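Q: I would like to learn how to read the side-chain contacts of a structure that is new to me. Could we go through them step by step?

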Amino acid sequence: ETVELLKQESSVKVFSVAEGLGGASLRYFMDFLNENDPGLKDGKPGHFAGLQRIGDPEDGAALWTALTDQSDIENALKERAKQREEEQLKQNEHFKKIENRDSR
């Protein structure tokens, strides 16, 4: 189902993905669009502030980006994958410290 959502082109269908967001995430995203989207500013259909939706090959999540060049997108995804890996390592180290402290 996620892959099919990512293939949709219609702005109405794209908006349905935004509706899948909840609470603060949805409000933040909608505020961003309302402030930055030239169409929405003029009360017309939105252009999503120049953002395009792509799928993250790691987990299939929808990502919004202003990047348009495919190689730039691929590089940004690789960099984000490295960041996630580093974040996971730090989190694991943190939990090990907590476990070691609690086992004393």
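Q: Which side chains meet in a salt bridge with 3.2 Å, N to O?

A: A salt bridge is a side-chain nitrogen of Lys or Arg within 4 Å of a carboxyl oxygen of Asp or Glu. In this case the side chains of Glu 87 and Arg 80 form one, at 3.2 Å from N to O. This is a predicted model, where local features need pLDDT of at least 70 and side-chain atom pairs count only at pLDDT 80 or more, while totals for chains, interfaces and linings use all residues. Residues are numbered from 1 along each chain as its sequence is written, and side-chain values use heavy atoms, with hydrogens and water left out.

Q: How many salt bridges does the structure hold?

A: There are two, and one of them joins Asp 102 to Arg 101, whose closest N and O atoms are 3.6 Å apart. Asp 102 is exposed at 54%, and Arg 101 is exposed at 52%.

Q: How many aromatic pairs does a search of the whole structure find?

A: Rings of Phe, Tyr and Trp (its six-membered ring) pair if their centres lie within 6.5 Å; planes under 30 degrees apart count as stacked, over 60 as edge-to-face and the rest as tilted. The search finds one pair: the rings of Phe 29 and Trp 64 have centres 5.3 Å apart and planes at 40 degrees, so the pair is tilted.

Terms used:
Buried means under 20% relative accessible area, exposed over 50%, partly exposed in between (1.4 Å probe, protein chains only).
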